[in-house]
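Have it open while you read.

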Amino acid sequence: MRTGTITRIPAMLEYDFMRNAFAAATIVAVVAGAVGYFLVLRSQTFAGHALAHVGFTGATGAVLIGVSPLWGLVLVTLAAGLGMGFMGEKLAQRDVAIGLVLALALGLGLLFLHFFTAYASQAAALLFGNVLAVDAQTVWTLLALGAISIVLLAIISRPLLFASLQPELAEAKGVSLRLYSVLFLAIVALTTAECAQIVGVLLVFALMVGPAAAAMRMTHAVTTGVLLSIVLATAEAWLGLTLAFYTDWPTSFWITALSVAIYLLANLRRPAAVRA
Amino acid sequence: MTAIALRDVRLTLGGRVILDTITLDIAAGEFVGVLGPNGAGKTTLMRALLGLVSADRGAIQILGRPATRGNPAIGYLPQIHAPSMAARLSGWDFIASVVNGHHLGLPLTGRAGRHEIERALDRVGARALARRPLVELSGGERQRLLLAQALLGNPQLLLLDEPLISLDPRHQAEVIGLVKSLQRELRITVLFSAHELNPLLGAIDRVLYLGSGQAALGTVDEVITGPVLSRLYGSEIEVVRIKGRIFVMSGGHELEGDDHRHDAHAPHAHRHHHPHSGHA
């Protein structure tokens, strides 16, 4: 027992499913940390949540027609993200309409599951995530999707930052607010679909919003903030997986608990500001 | 050299005529105060100069060229927004986003960009302010920082949209003094919109007063008169001068000072087309 903790850490990674889980969680955490920072900065966290709900319909619909739920998630969140981007600010103010659409999306997802009862057990996995069931092929898919998201984000990050911080000025300098809003929500959609593989559609906030919001409390600089957000998301994912391995409690629980705990800790700490 | 030339310009927003048959010239290096009731078109005029609103009729020329979006010769200070998550960033990171902000790539400033930001900050004495997060700055400090931002790219024309909103008189005077010295030292043209004329009296060369779709441009003595303002407000206006201060009255009720407190009292309160939270 005494030497147990030391020797069992490599032991944890001797399992294929744990290696896959760590690989998948790392990829997703890096992307979620970076994309989440901009999501929080733009005060669009609700969009991430909304896309995830809509994604549930896509995933269950895909299962119903015999396609991998990941692709259903990706396609539907992407379509919804682009739609939200094109509708722009008009949509952001209609919280009742959005709330109803989200409820309908989850309801439809449930209906699809009902029609295909053989896969009903997937409901829990879709809603709350099941990272321990991720196979090697999914890891590669996540890597490809993650690379697309992060490269796209890197390409548009400068005008996106400008448009997010100072929309009027950015517009005056010739930056198309609509274009970057649409592109960004497409990236958010991809990221949401990826996060859902780890923590499920209901808990994407844990990976996309928690680390980014905590990072924003801890630093006033953009570059440091993005990096810190990535580090926090990755640390939460790794620690969550490890705790899940030893406690046998669900990984998603640990990741959400860590996400909330770190956010609260970041809020306790007063930002290092020098009052002149 | 003419900084701004409008010829027979009509500006509309959502089918509503905001300004009509406006013809005016503003010379390079002038400091012009832009006044008028809420909805008179102060912001719309600035957006038209920036190329964000196109004229339905007539021609707008900026420094001899037609107004276009992304004109690097213009520095712009939009109205203040409500605080958001972005206000947690340091002043430096906030204003640095404008440097090459319209180019794709990572938001890294580079050495040349950093020098430019430092120069602009030094010019307004905001170097120390820029290290603090925006949320912790007072209104006056924030405006100083944003003025530095407007100077990035060495513009020849500054469009300042209501930079005095929510500032106390002391900070108002500070901002005006700063803009005045920038205008003199850099020999740039300044359009400065405001709700009240009095704080601007010592600084401006001319005043551009908007109202009822019309505009009057001239010195304070030429424009701030009963007949001219009566035409712009579409009602009987009296101008009263007390100890060097000017009061614009309508039926014994002061107009300018009340505009931003009671929108409904403004004689021509057109709806503004874009959100801004500056007015109560």
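**Notes on helix packing and a pocket**

1. H2(A) passes H10(A) in a left-handed crossing. Keep in mind that this is a predicted model. The two helices, H2(A) and H10(A), pack at an angle of about 145 degrees, and their axes are 9 Å apart.

2. Who touches whom here? On the H2(A) side of the contact with H10(A) you'll find Ala24(A), Ala25(A), Ile27(A), Val28(A), Val31(A), Ala32(A), Val35(A), Phe38(A) and Leu39(A). They meet Phe184(A), Ile187(A), Val188(A), Thr191(A), Glu194(A), Cys195(A) and Ile198(A) in H10(A). By type, the contact of H2(A) with H10(A) has 14 nonpolar residues, one polar and one charged.

3. H2(A), which covers residues 16-41, also packs against H8(A): their axes come within 9 Å and cross at roughly 15 degrees. H2(A) and H8(A) are therefore roughly parallel to each other. This crossing, of H2(A) past H8(A), is left-handed.

4. The H2(A) residues that meet H8(A) include Asn20(A), Ala23(A), Ile27(A), Val31(A), Phe38(A) and Leu41(A). Among their counterparts in H8(A) are Ala136(A), Leu143(A), Gly146(A), Ile150(A), Ser157(A) and Leu165(A). The contact of H2(A) with H8(A) comes to 19 nonpolar residues, four polar and no charged.

5. Next, the pair H12(A) (residues 210-218) and H13(A) (residues 222-247): they pack at about 135 degrees with axes 8 Å apart. That angle makes H12(A) oblique to H13(A). Their crossing, H12(A) with H13(A), is right-handed.

6. In that contact, H12(A) supplies Pro211(A), Ala212(A), Ala214(A), Ala215(A) and Met218(A). From H13(A) come Gly225(A), Leu228(A), Ser229(A), Leu232(A), Ala233(A) and Glu236(A). The residues of the contact of H12(A) with H13(A) split into eight nonpolar, two polar and one charged.

7. Now the pocket. The second largest pocket has a volume of about 400 Å³, and 16 residues line it. Which of them lie nearest its centre? Those are Pro69(A), Leu70(A), Gln122(A), Thr138(A) and Gln197(A).

8. Four helices of chain A each give two or more residues to the lining of the second largest pocket: H4 (69-87), H7 (122-128), H8 (136-165) and H10 (177-199). As for residue types, the lining of the second largest pocket has eight nonpolar, seven polar and one charged.

Terms used:
Residues numbered from 1 in each chain as written. Chains lettered and ligands numbered in written order. Predicted model: local features only at pLDDT ≥ 70, side-chain atom pairs only at ≥ 80, totals over all residues. Heavy atoms only, no water. 1 Å grid on protein atoms, 1.4 Å probe; cavity = no way out; pocket = protein on both sides within 12 Å on 5 of 7 lines; lining within 4 Å. Points joined across faces, edges and corners; volume = space filled by probe spheres on them. Nonpolar A, V, L, I, M, F, W, Y, C, P; charged D, E, K, R; others polar. Axes fitted to C-alpha atoms, helices over the stretch in contact; angles between N-to-C directions. Parallel < 35°, antiparallel > 145°, perpendicular 65-115°, else oblique. Left-handed = near helix turned anticlockwise from the far one by under 90°. Contact = heavy atoms within 4.5 Å.
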